[in-house]
Amino acid sequence: KPLVFSGVQPTGNLHLGNYLGAIRKFVSLQNEHDCIYCVVDMHSITAQLVHEDLASQTRSITAAYLACGIDPTKHIVFNQSRVMQHAELAWIFNCVARIGWMNRMTQFKDKAGKDRENASLGLLAYPSLMAADILLYRATHVPVGDDQKQHIELTRDIAIKFNNDFSHRIADLGIGVELMMGEEKVNGFFPLTEPMIEGPATRVMSLRDGSKKMSKSDPSDLSRINLTDDADTISKKIRKARTDPEALPSELAGLKDRPEADNLIGIYAALSDQTREAVITEYGGQQFSVFKPALADLAVEKLAPIASEMRRIQADTAYVDAVLKDGGERARTIAEGTMKQVRQIIGFLQD
Ligand code: AQP
């Protein structure tokens with residue numbers, strides 16, 4: 001049965017990239033699937049251990065999930081550190097995955113920078129924990145932005161290696177399920193998870209530099225639209241967004257080598273639920289002095305209600321905490337069911 005899992009780190013203000021690349025998809029998937037949405041607080045300490053406001057940021061991401069429309073009564077919303085089985089399975093996956101696999105991860109290279117020897121071991125092992133997050137629930141689908149594609153591929157590699165290494169044990173215990181590996185049917189314990197990376201804004205770029213991803217950790221606040229920005233701030237940031245002096249092209253091909261224009265078209269398309277082609281058909285030949293105000297109006301219309309709903313929900317700390325506690329309990333039940341079988345497969349003695 002399909003199961004959707006995804007998460008967001010509580011590392012700062014959520015931005016338009018997180019919204020369009022991930023959270024908006026979380027919301028649309030909940031009508032047709034069972035979903036588990038996590039605030040991945042354990043991931044947030046890999047790059048920086050001490051966060052003065054980790055608790056409030058965890059609540060803020062939860063409030064964003066709820067403000068965007070995720071229903072915590074029908075689905076599971078919780079923070080990762082509440083369910084210790086994530087760390088337990090991650091340790092096992094550290095022993096399944098190879099160091100070379102981790103060394104190849106572009107996010108590790110970007111975040112570790114030049115001084116790799118000084119990066120935390122947790123930052124290197126991040127994809128192992130992410131694989132554990134997903135496979136603990138045997139999730140089949142993971143909605144993410146384009147930057148996470150490599151990590152999902154690694155999750156599949158870990159599942160394949162675990163299924164192979166323990167194939168006899170899984171068969172003897174009779175707890176395997178039939179999986180498709182290309183054309184071939186195999187018996188395995190963990191599913192081969194599919195990333196869901198779709199739509200016109202799978203990689204929203206910085207408003208200051210079209211070659212850099214919009215990111216929570218960018219020191220320039222003008223580089224991103226935060227989900228908590230008010231209408232004036234959203235308009236100002238779009239007005240100041242870096243662009244070239246040319247008018248918009250009348251065909252998509254004309255956006256090649258114009259990353260800033262391409263980014264704004266993608267954002268408009270995603271926010272208005274249109275294709276990029278449709279946006280170019282409407283605005284091709286227009287100057288940015290016409291397009292930017294239209295984009296600002298659209299962004300304010302779509303994002304301002306989320307910001308005010310987030311503020312309302314966040315003010316009710318007891319409610320947010322109750323959602324996380326209840327979600328944590330339900331997640332733990334599923335997670336412990338998986339771990340009992342994983343311990344059996346490996347041969348760990350347990351009660
Ligand atoms: N710019 C983006 N465009 C589209 N999707 C994006 N995502 C992040 N940035 C963009 C998606 O948002 C989800 C949650 O991301 P995360 O918080 O777990 O970590 P991240 O990818 O590292 O996000 P940031 O904003 O860049 O944070 P920092 O600055 O802390 O590294 C993921 O599905 C991600 O793909």
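Predicted model: local features only at pLDDT ≥ 70, side-chain atom pairs only at ≥ 80, totals over all residues.
View 1. Helices (H or I, at least four residues) and strands (E, at least two) are DSSP runs, numbered from the N terminus. Helix 13 covers residues 317-346, 30 residues in total, and its first and last C-alpha atoms are 41 Å apart, close to the 44 Å expected at 1.5 Å a residue. The expected span of a helix is 1.5 Å times one less than its number of residues. A residue is called buried if 20 or more other C-beta atoms lie within 10 Å of its own, exposed if 12 or fewer, and partly exposed in between, with C-beta atoms placed from the backbone. Among the buried residues of helix 13 are Val 320, Leu 324, Ala 331, Met 339 and Ile 345. The buried residues of this helix pack against several elements, including strand 2 (34-39), helix 3 (85-96) and helix 12 (288-315). Just after helix 13, Gly 347 has a positive phi of about 105°.

View 2. Ala 335 counts as buried because it has 22 C-beta neighbours inside 10 Å. Two residues are in contact if their C-beta atoms, placed from the backbone, lie within 7 Å. Not counting residues up to four places away in sequence, Ala 335 touches Val 83, Gln 85 and Leu 136. Met 84 and Ala 335 are 251 residues apart in sequence, yet their C-alpha atoms are 9.0 Å apart in space.

**View 3. Trp 91 in helix 3.** Trp 91 is found in helix 3. This residue counts as partly exposed because it has 13 C-beta neighbours inside 10 Å. From Trp 91 to Ala 231 there are 140 residues in sequence and 45 Å in space, C-alpha to C-alpha.

**View 4. The largest nonpolar core.** A nonpolar core is a set of buried Ala, Val, Leu, Ile, Met, Phe, Trp, Tyr and Cys residues joined through C-beta atoms within 7 Å. The largest such core has 96 residues, and Ile 36, Ala 64, Ile 267 and Ala 299 have the most contacts inside it. Helix 12 gives the most to this core, eleven residues. Domain 1 (3-196 + 316-346) and domain 2 (221-313) each provide at least three residues of the core. Leaving out residues up to four places away in sequence, Ala 64 touches Leu 14, Ile 23, Leu 227 and Met 310.

**View 5. Where domain 1 meets domain 2.** The domain bounds come from an automatic or database domain assignment. The centres of domain 1 and domain 2, taken over C-alpha atoms, are 31 Å apart. In domain 1, 13 residues are in contact with eleven residues of domain 2. Helix 2 supplies the largest share of the side of domain 1 that touches domain 2, five residues. By class, the residues on that side are ten nonpolar, two polar and one charged. Ala, Val, Leu, Ile, Met, Phe, Trp, Tyr, Cys and Pro count as nonpolar, Asp, Glu, Lys and Arg as charged, and the others, Gly among them, as polar.

**View 6. Ile 225 in a loop.** Ile 225 is found in the loop between strand 7 (194-196) and helix 9. Ile 225 is buried because 27 other C-beta atoms lie within 10 Å. Beyond its neighbours within four places in sequence, the contacts of Ile 225 include His 15, Leu 16, Ala 299 and Leu 303. Leu 14 is 211 residues from Ile 225 in sequence and 8.5 Å from it in space, C-alpha to C-alpha.

**View 7. Two Asp residues with positive phi.** Most residues other than glycine have a negative phi. Asp 257 has a positive phi of about 65° and lies in the loop between helix 9 (231-239) and helix 10 (259-271). Asp 257 is exposed, with 8 other C-beta atoms within 10 Å. Asp 273, with a positive phi near 55°, lies in the loop between helix 10 and helix 11 (276-283). Asp 273 counts as exposed because it has 10 C-beta neighbours inside 10 Å.

Notes. Residues numbered from 1 in each chain as written.
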